[in-house]
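Student: I would like to learn how to read the contacts between parts of a protein model. Could we go through them one by one?

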Amino acid sequence: MAKPKVGYTRRSMLKAGGAAIAASTLPAPMLWAQDTKDIVLRQFGTGVSNLNDVANKVKEDLGFTLEMTALDSDSVTQRAATQPDSFDIADIEYWICKKVWPTGNLQAMDTSKIANYDKIVGIFRSGKLTPESTIAQGTAPHSVGFVDGPGGTSFASEETGWMTLIPTIYNADTLGIRPDLIGRPISSWTELLNPEFKGKASILDISSIGIMDMAMVCEAMGEIQYGDKGNMTREEIDKTMAIFTEAKRNGQFRAFWKTFDESVNLMASGEVVIQSMWSPAITAVKSRGIPCVYQPLKEGYRSWGGGIGLSSSLSGMELDAAYDYINWYLSGWVGGYLMRQGYYSAVPETSKEFMSDNEWGYWFEGKEATDVITSPTGDTLAKAGETRDGGSFYDRMGAVACWNAVMDENQYMVRKWNEFIAA
Amino acid sequence: MQLRNRHLIGWLEASPLALVLAAFLIAPILMIVIVSFWGATEFSIYPAFQLDNYEFLFSSPVTYRVFGATLKYAFITWALTFAIGFTVAYFLAFHVRSLTMQIALFLVCTIPFWTSNIIRMISWIPFLGRNGIANQTLISWGVIDEPLEWLLYSDFAVILAFVHLYTLFMVVPIFNTMMRIDKSLLEAARDNGANGFQTLVHVILPLTKPGIMIGTIFVVTLVMGDFITVRFMSGSQRANVGRLISNDIGLLQYPSAAATAVVLLCTVMIVIAILLRFVNIRKEL
């Protein structure tokens with residue numbers, strides 16, 4: 001063992017002094033900035049809004065890292081309900097929220113910390129798009145959007161200041177068609193089961209959404225009158241499934257799709273000419289130069305909305321970062337990005353600043369494009385003079401017939417759905 | 001210190017494998033069996049002992065239809081992979097004389113396995129589609145006037161993919177046993193006046209039984225446990241037991257999925273037990 005040094009030399013004093021000065025001049029805020037840089041928030045959700053461009057922009061604007069995982073709706077529900085520690089931010093749909101909230105894996109958000117809360121579209125607050133609107137059937141976002149307090153487990157019927165999900169993105173869905181292969185106008189949901197398209201139709205194999213498309217068709221055919229398409233009785237489910245099982249046995253459907261890419265490939269390859277579809281899938285088909293229309297139908301749209309929920313395990317600096325992220329999300333850049341793909345932003349007015357007048361007119365106001373409309377990735381989607389399928393925001397969102405939903409008889413419906421797939 | 005008890009040493013020697021099997025095979029299966037009696041709500045599962053899951057399973061006509069479809073896929077795939085696998089192995093083992101050539105050709109057989117299972121499967125989709133290469137070629141040759149619809153998203157497509165994916169599992173064990181057949185037995189058969197076909201049926205076939213059986217077990221269990229091939233190649237239009245389970249899992253119905261899995265496991269074990277009645281693999285290896 002070496003002998004401990006005794007006494008101070010000039011050199012040792014200098015060393016110690018240098019270290020002390022260094023310690024006192026290292027500014028605390030720099031340490032904090034360092035921590036922000038190290039924060040990693042793990043977000044997962046469906047492919048629609050889990051975009052790498054968003055993660056890159058977050059890194060640039062806010063400094064922390066956002067890790068994105070894209071899954072299908074079933075997997076998202078599963079993960080949110082069973083693996084609360086695997087995520088910090090859940091980007092889920094409102095009907096998934098209805099299913100997942102009772103597990104206690106998400107925490108309510110204080111709306112006073114949300115800068116643009118007052119500007120959020122009425123659909124997500126009072127439930128009404130405009131004061132005169134009627135609320136559509138199904139799981140309308142406002143009905144599962146609020147809880148009584150920070151620890152609330154049941155949904156409140158009105159605005160309480162504690163939100164379950166901060167709305168981020170929503171749209172009105174309808175059928176996608178290939179006008180070049182159909183060659184005549186399509187105006188009703190009934191066309192999905194028209195024998196003319198035998199072997200060339202498809203619906204999506206996600207039970208909770210597929211059943212709604214089925215209901216839209218059956219109601220349009222006049223076969224079934226539903227009390228609430230978003231909350232069917234067993235009898236209504238049986239009748240709906242019977243109609244579609246018969247159609248399936250007759251070879252009406254070419255395939256069922258479960259992921260976004262599958263729906264794009266079915267349509268683009270011409271395997272299918274009419275099917276349930278999501279807006280960006282239409283965009284993807286069009287960007288390959290193949291004509292594809294998101295056909296407005298007289299019975300109205302089936303609509304959906306998504307939002308960001310916070311994991312109940314988030315706290316401290318990560319929680320603050322998550323609020324920063326939410327405020328940033330609603331501040332316009334993402335909104336503009338999503339609206340240029342055909343979705344709507346929860347706070348359209350902030351998105352306007354991030355879009356050109358031409359884009360805003362085309363996507364939001366339903367006006368004729370004055371110049372070429374391109375997607376965020378640069379593909380041409382529309383030429384000057386074209387208008388958006390379905391028209392303006394108020395035309396489209398005002399014609400919603402039903403919201404995506406989860407029913408009281410969900411388990412029964414799921415079993416019936418399984419039978420339908422196996423039939 | 002020395003261990004004198006031979007039994008103790010034997011137990012100690014067996015224990016690492018026993019522990020590994022207990023932890024990674026027995027325990028998960030027990031867990032699945034236990035969960036299959038539990039109950040489920042919309043979003044959670046709760047411990048219970050109830051027979052609801054099995055009751056629903058056995059009372060639903062869908063279950064029988066789906067198990068029937070699964071067995072159908074397994075049988076057709078087995079028949080085709082066996083026919084192809086046996087032929088390929090026979091060619092490799094008896095027609096190719098040089099060992100180098102045998103090894104080279106055998107490696108050629110494995111080339112498709114250099115890519116992922118899913119990719120090999122999905123690459124069939126553009127090929128078989130309505131406007132795919134197969135249909136376009138047939139139309140340009142004048143064989144057909146309209147595209148064949150049943151090429152894709154049908155039982156045909158499912159079985160084609162299965163055969164493509166799993167034939168090698170049949171080739172390898174059959175080739176292996178064939179290589180170990182004493183060539184003098186074939187000469188003896190020849191000397192006794194057997195023609196080629198008689199040699200094949202009375203000498204080679206019985207001697208390759210263990211290989212055939214191992215290949216059969218591979219193919220049958222793989223096909224019966226599959227869900228992704230059926231989903232992609234049938235465009236979600238057909239179902240087998242694997243898809244039933246995966247649908248349940250997707251919808252958080254774990255107990256019901258576990259019950260289906262237990263029934264599937266029993267079915268597969270019964271099938272294998274029947275197969276082993278025909279050939280005693282241990283004795284013949």
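Student: Which residue of chain A forms a salt bridge with Arg231(B)?

Tutor: A salt bridge pairs a side-chain nitrogen of Lys or Arg with a carboxyl oxygen of Asp or Glu, within 4 Å. In this predicted model, Arg231(B) is paired with Glu262(A), and their closest N and O atoms are 3.2 Å apart.

Student: How many salt bridges does the rule find across the interface of chain B and chain A?

Tutor: The rule finds 3 salt bridges there. Polar contacts are counted separately: 15 residue pairs between chain B and chain A, both residues at pLDDT 80 or more.

Student: Which elements of chain B supply at least two residues of the side that touches chain A?

Tutor: They are α3 (61-95), α11 (228-233), α12 (241-250) and α13 (254-278) of chain B. The most comes from α12(B), which gives 6 residues. Sorted by class, this side of chain B has 14 nonpolar, 11 polar and 8 charged residues.

Student: How should I read the size of an interface?

Tutor: Interface size is often given as the accessible area that is lost when the parts come together. For chain B and chain A, the buried area is about 2,900 Å², with 47% of it on carbon and sulfur atoms. The contact involves 33 residues from chain B and 37 residues from chain A.

Student: What domains is chain A divided into?

Tutor: Domain 1 covers 38-172 + 303-352, and domain 2 covers 175-299 + 392-422. The C-alpha centres of these two domains of chain A lie 26 Å apart.

Student: How much area do domain 1 and domain 2 of chain A bury between them?

Tutor: The two domains of chain A bury about 2,500 Å², and 60% of that is on carbon and sulfur atoms. On the domain 1 side, Trp95(A), Gln137(A) and Ser303(A) lose the most area to domain 2, together 27% of what that side buries. In residues, 28 of domain 1 are in contact with 27 of domain 2 in chain A.

Student: What does the rule find across this domain interface in polar contacts, and how many salt bridges?

Tutor: Between domain 1 and domain 2 of chain A there are 14 residue pairs in polar contact, both at pLDDT 80 or more, and 0 salt bridges. The elements giving two or more residues to the domain 1 side are α4 (73-82), α5 (94-100), β6 (137-138), β8 (166-173) and β14 (301-311) of chain A. By class, that side of domain 1 has 13 nonpolar, 10 polar and 5 charged residues.

Terms used. Residues numbered from 1 in each chain as written. Chains lettered and ligands numbered in written order. Predicted model: local features only at pLDDT ≥ 70, side-chain atom pairs only at ≥ 80, totals over all residues. Heavy atoms only, no water. Domains from an automatic or database assignment. Contact = heavy atoms within 4.5 Å. Buried area = accessible area lost by both parts, 1.4 Å probe. Polar contact = N/O pair within 3.5 Å; in protein donor to acceptor, adjacent residues only side chain to side chain. Helix = DSSP H or I, 4+ residues; strand = E, 2+ residues; numbered from the N terminus. Nonpolar A, V, L, I, M, F, W, Y, C, P; charged D, E, K, R; others polar.
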